[in-house]
Amino acid sequence: MKSILLEFPSELYSARLLIRMPMPGDGKMVHEAIDASREELQVWLPFAKHKQSLEETEANVREAHAEFLTRKDLRFHVFHKETGEFIGSTGLHRINWNVPKFEIGYWIDTRQSGKGYITEAVEALTNFAFDVLQARRVEIRCDEKNNKSRAIPEKLGFYLEGTLRHDDVAVDGEELRNTCIYSKIK
C-alpha cells in the first residue's frame with residue numbers, strides 16, 4: 001500500500017496534552033515560542049539559529065501540514081489539554097514505511113520546560129508509532145552533549161545503541177559533535 005493511502009488519527013491525547021498535526025494558522029504561536037526559546041534552542045537546532053519572519057514560520061507550518069497529509073513527515077504540535085497553551089513540537093521523521101521505522105524529534109518552548117511535557121509527548125508518540133502505525137523500530141538521535149534531550153529516551157526506556165563519533169557539525173559550525181542513537185524495537 002502506498003503511504004499516502006494510510007489512514008490514522010491526526011490527534012493524540014495523553015494525560016495533560018493534545019498532540020496534533022500542524023495546521024495553517026499555527027505559525028504565530030510557533031514563531032513566538034521559538035523567539036522566547038531562541039537562546040536555548042539555537043545551541044542544538046539549526047532552525048533556531050537565525051531569526052525567521054512570522055511569514056517564514058507560517059510557511060514552514062503549512063509545509064509540515066502538507067507533508068503530514070502526504071505521509072512524508074509527521075510533525076505534531078503539542079498543547080496543554082486544559083489551557084490550550086502551545087508547549088512545543090515533536091514528530092516522526094526520517095520515515096521508512098517499508099520497515100516501518102521512525103525517528104522522533106522534539107523541542108519545547110523554554111517557558112514550559114521542566115514540567116515533563118515533552119517526555120509525556122514523546123511517550124505518547126512512541127506508543128502511537130508502535131500501536132497505530134505498527135512500527136518495528138523507533139529511534140531518537142541527539143547530540144551527546146545535550147543532556148536535557150538525552151534524558152528523555154533514557155527516562156522512557158530507550159536502548160542506547162551507540163554513539164556516532166564526529167557525526168555532525170555543531171550548529172555554530174565550530175566543532176564536530178557526537179550523536180547518540182537510542183531505540184526501541186518490536
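Analyst: A salt bridge here is a side-chain nitrogen of Lys or Arg within 4 Å of a carboxyl oxygen of Asp or Glu. The model is a predicted one.

User: Which residues are linked in a network of salt bridges?
Analyst: The structure holds 18 salt bridges. In one of them, the side chains of Arg137 and Glu139 meet at 2.9 Å, N to O, and both residues are buried. This pair belongs to a network made up of Arg94, Glu103, Arg137, Glu139, Arg141 and Glu161.

User: How many residues apart in sequence are the parts that Lys145 and Glu175 tie together?
Analyst: Lys145 and Glu175 form a salt bridge, with their closest N and O atoms 3.3 Å apart. Lys145 is in the loop between strand S6 and helix H4, while Glu175 is in the loop between strands S7 and S8, so the pair ties together parts whose separation in sequence is 30 residues.

User: Is Arg38 buried or exposed?
Analyst: Arg38 and Asp35 both lie in helix H1, three residues apart, which is about one turn of the helix. Their side chains meet in a salt bridge of 2.5 Å, N to O. Asp35 has 28% relative accessibility and counts as partly exposed. Buried means under 20% relative accessible area, and Arg38 is at 15%, so Arg38 counts as buried.

User: At what angle do helix H1 and helix H2 pack?
Analyst: Two packed helices are described by the angle and the distance between their axes. Gly27, Lys28, Val30 and His31 in H1 meet Leu54, Thr57, Glu58 and Val61 in H2, and the crossing is right-handed. The axes of H1 (residues 27-41) and H2 (residues 54-69) are 8 Å apart, and the angle is about 115°.

User: How far apart in space are Pro46 and Asp172?
Analyst: Pro46 sits in the loop between H1 and H2. Exposed means over 50% relative accessible area, and Pro46 has 58%, so Pro46 is exposed. Pro46 and Asp172 are 126 residues apart in sequence; in space, C-alpha to C-alpha, they are separated by 8.6 Å.

User: Which residues does Ser10 touch, not counting residues up to four places away in sequence?
Analyst: Ser10 is in the segment before S1 and, at 30% relative accessibility, counts as partly exposed. Ser10 and Trp44 are 34 residues apart in sequence and 27 Å apart in space, C-alpha to C-alpha. Beyond four places in sequence, the residues that Ser10 touches are Ile19, Arg20, Met21, Phe68 and Phe76.

Key: Residues numbered from 1 in each chain as written. Predicted model: local features only at pLDDT ≥ 70, side-chain atom pairs only at ≥ 80, totals over all residues. Heavy atoms only, no water. Axes fitted to C-alpha atoms, helices over the stretch in contact; angles between N-to-C directions. Helix = DSSP H or I, 4+ residues; strand = E, 2+ residues; numbered from the N terminus. Left-handed = near helix turned anticlockwise from the far one by under 90°. Contact = heavy atoms within 4.5 Å. Buried < 20%, exposed > 50% of the residue type's maximum accessible area, 1.4 Å probe, protein only.
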